[in-house]
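Hi everyone, thanks for coming.

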Amino acid sequence: MLGNVRRITAKMAATSAGRVLTLCKQFQNVFRISSSICLQQSAPSVTACQSYFSRQMSSLVVPSWHGHINTVGQCRSLHTTISRRGLDEFFDLPDNWGETTVKSGAPWTAKILRTKSNEDLHKLWYVLLKEKNMLLTIEQEAKRQRVQMPSPERLKKIERSMIRLETVVKERETALRLLQTGQERARPGAWRKNIFGQVFWHRFREYAIPWYMNKRYKRRRFYTPSFVEPHIRLRMEKYLRARTRKAHLEKRKMAKLKETFPQMKASS
C-alpha cells in the first residue's frame, strides 16, 4: 500500500517538474526575443552616449584649443528657416530665376511691429537680415552681368522694415529706461556751447580722475568768448537770408510751372 502511494507521488512530482521545465524554457525564449529587440532599438542611443563620453574624455586629455575646434565643428550653425540649402540661400528661389518681376508683400509697418513680442522681433530681424543679404547678392550679380535686377524695390522694403523694427526696439528700451532710471537717453549728457557759440549735446563720460584734474577735459572749453558773440549774430543772419532766398526760388518755380501748365493744381 505504501509502495503504491510512493509511486503515485513520484509520478506527480515528475509531471509537475516537467511542466515547470517547459514553462521555464518558454519564458527563456521570450526573454531572448525581447532582449534582442531592445538592443536593436537602443543601439543608436548607446552609440550616441559612447561618442558623447569619448568627446568628454578627449576634451579632458587633448589641449583646450583642439577641443574648441571639435565643438565648433560639431555645433549646428544658426538658421532662421527649417530648410538648409548652403550657399544657395544667398540666391533667390529657382522659380524666380530669369523673371523680370518678382511678387513681394508690403513692408512691415511700425503699428504692426509694436504688437509683436521681443522674441518675435528678434526672429524677424534675422529673417530680414537674411533676405537683405540675398537681395544684395542678386544686385551684385546683376551688376556683374550688366542686367536689370528683378524687382529692385524689394531691397527698399527690407531696409524700411529694418529701420522701423529698430525704431520700435529703441522705443521699448527708452520706455523701460524711463521707468527704471527716469533718464530718456541711454547715455546721460547735457546741452553745452563750444567756443564758436554752437550748441551741441555733450555725452558724459566716466574718467578715472576728477574733472578739475583732467587736462583733456579742460581743453574742451565749454564756453563762448565775448568777441565771438557778434559773429554768432552774423551767422544767424546768414542762415535766415539763405532760407528766405530758397523760399523765393521755390515760389518763382511754382509760378513758372503754373504759367506753363494752367491745369496744374497748387501743391499743399
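**Starting from a leucine**

Let's begin with Leu-165, which is in contact with Leu-113, Leu-121, Leu-124, Trp-125 and Leu-128, once its neighbours within four places in sequence are left aside. Contact here means heavy atoms within 4.5 Å.

Before going on, a word on what you are looking at. This is a predicted model, where local features need pLDDT of at least 70 and side-chain atom pairs count only at pLDDT 80 or more, while totals for chains, interfaces and linings use all residues. Residues are numbered from 1 along each chain as its sequence is written, and side-chain values use heavy atoms, with hydrogens and water left out.

Now the overall layout. The protein chain has seven helices and two strands, and along the sequence they follow the pattern α-α-α-α-α-β-β-α-α. Helices (H or I, at least four residues) and strands (E, at least two) are DSSP runs, numbered from the N terminus. Of the 268 residues in the chain, 12% are buried. Buried means under 20% relative accessible area, exposed means over 50%, and partly exposed is in between, using a 1.4 Å probe and protein chains only. Among contacts with a separation of 6 or more, 51% join residues 24 or more positions apart.

Back to our leucine. Which residues touch the most other members of the largest nonpolar core? They are Leu-113, Leu-128, Leu-135 and Leu-165, out of 14 residues in that core. Helix H4 (118-145) and H5 each supply at least two of its residues, and H4 gives the most, with seven. By nonpolar core I mean a set of buried Ala, Val, Leu, Ile, Met, Phe, Trp, Tyr and Cys residues joined through side-chain atoms within 4.5 Å.

Staying with helix H5 (residues 153-180), please find Arg-154 there. Is Arg-154 buried or exposed? Arg-154 is buried, because its relative accessible area is 7%. Apart from neighbours within four places in sequence, Arg-154 is in contact with Asp-92, Val-102, Ser-104, Leu-135 and Ile-138.

Ile-138 comes up again in the second largest pocket: along with Trp-97, Gly-98, Glu-141 and Pro-150, Ile-138 lies nearest the centre, and 17 residues line the pocket in total. H4 provides the largest share of that lining, four residues. On a 1 Å grid over the protein atoms alone, a pocket is an open set of points where a 1.4 Å probe fits, with protein on both sides within 12 Å along at least five of seven lines; lining residues have an atom within 4 Å of a point.

Last stop, the aromatic residues. How many aromatic pairs does a search of the whole structure find? Five. One of them, Trp-211 with Tyr-217, is edge-to-face, at 6.4 Å centre to centre and 70° between the planes. Rings of Phe, Tyr and Trp (its six-membered ring) pair if their centres lie within 6.5 Å; planes under 30 degrees apart count as stacked, over 60 as edge-to-face and the rest as tilted. Trp-211 is exposed, with a relative accessible area of 59%, whereas Tyr-217 is buried, at 18%.

Finally, Trp-201 sits in strand S2 (residues 199-203) and is partly exposed, with a relative accessible area of 26%.
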